[in-house]
Amino acid sequence: MNIKLSKVSLKDAKFIHRIGNEKGNRKNFILWKNIKFLDHLKWFKKKIKDKNTYFFKIVFKKKLDCGYVRFDKKNKDYFVSICVGKKFRNKNIASDALLIAETRIPNAVSLVALIKKNNSSSKMLLLKVGYYLEKKNKNILIMKK
């Protein structure tokens, strides 16, 4: 396995902002509009201090920052968000990172992912790592593990 996860820190704010605003990534987010850096920074500072958030940077081949995976705890569920840069897709990085990250979440009763109905990449990723389709809304799929 050529990836490792490291806990994000303030120095990762620009990288997380850049990768989250990549055109191919942004269109698949439920909140699809580009985020201004100052708004992102304010949100990011809160997230890295939040005891109910587990936020990891994905590092490929020990030196290349290639994405992130985040879990936000709400009640007994952990909501997952994962994003990988364009040049790192189709290398099993997202699935490997998600499986590793899941082992670092204490007492997770269930893992939940909300994805756009037309986001087939995320749907396939989640099915690959053991999530199942719990519910369909008009534009959103709710997947659980």
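Modeller: Start with a charge above a ring. Arg70 lies over the face of Phe55, 5.5 Å from the ring centre. Keep in mind that this is a predicted model. A second case of this kind involves Lys74, which lies over the face of Phe79 at 5.0 Å from the ring centre.

Now stay with Phe55 and look at the rings. The model has 6 aromatic pairs. One of them joins Trp43 and Phe55: the ring centres are 6.1 Å apart and the planes meet at 65°, so this pair is edge-to-face. Trp43 belongs to helix α3, residues 37–49, and Phe55 to strand β2, residues 53–60, so the pair ties together parts that are 12 residues apart in sequence.

How exposed are these two? Trp43 is partly exposed, with a relative accessible area of 32%. Phe55 has a relative accessibility of 4%, so Phe55 counts as buried. The cut-off for buried is under 20%.

Phe55 has another ring partner. Phe55 and Tyr68 also form an edge-to-face pair, with 5.7 Å from centre to centre and 65° between the planes. Tyr68 sits in strand β3, residues 64–74, while Phe55 sits in strand β2, so this pair links parts that are 13 residues apart in sequence. Both Phe55 and Tyr68 are buried.

Next, turn to the nonpolar cores. In soluble globular proteins, nonpolar side chains tend to be buried together. Here the largest nonpolar core has 29 residues. Those that touch the most other members are Leu5, Ile58, Val69, Phe71, Ile93, Leu98 and Tyr131. Several elements give two or more residues to this core, including β1 (3–7), β2, β3, β4 (77–84) and β5 (110–116). Helices α4 (93–102) and α5 (120–128) are also among them. The most comes from α4, with 6 residues.

Take Val69 as an example. Leaving aside residues up to four places away in sequence, Val69 touches Leu5, Tyr54, Phe55, Phe56, Ile58, Val80, Ser81, Ile82, Leu98 and Ala101. Phe55 turns up again in that list. Yet Phe55 is a member of another core, which lies apart from the largest one. That core has 10 residues, among them Val8, Ile19, Phe55 and Cys83.

Methods
Residues numbered from 1 in each chain as written. Predicted model: local features only at pLDDT ≥ 70, side-chain atom pairs only at ≥ 80, totals over all residues. Heavy atoms only, no water. Phe/Tyr/Trp six-rings, centres within 6.5 Å; stacked < 30°, edge-to-face > 60°. Helix = DSSP H or I, 4+ residues; strand = E, 2+ residues; numbered from the N terminus. Buried < 20%, exposed > 50% of the residue type's maximum accessible area, 1.4 Å probe, protein only. Lys NZ or Arg CZ within 6 Å of the ring centre and 35° of its normal. Core = buried A, V, L, I, M, F, W, Y, C linked by side-chain atoms within 4.5 Å. Contact = heavy atoms within 4.5 Å.
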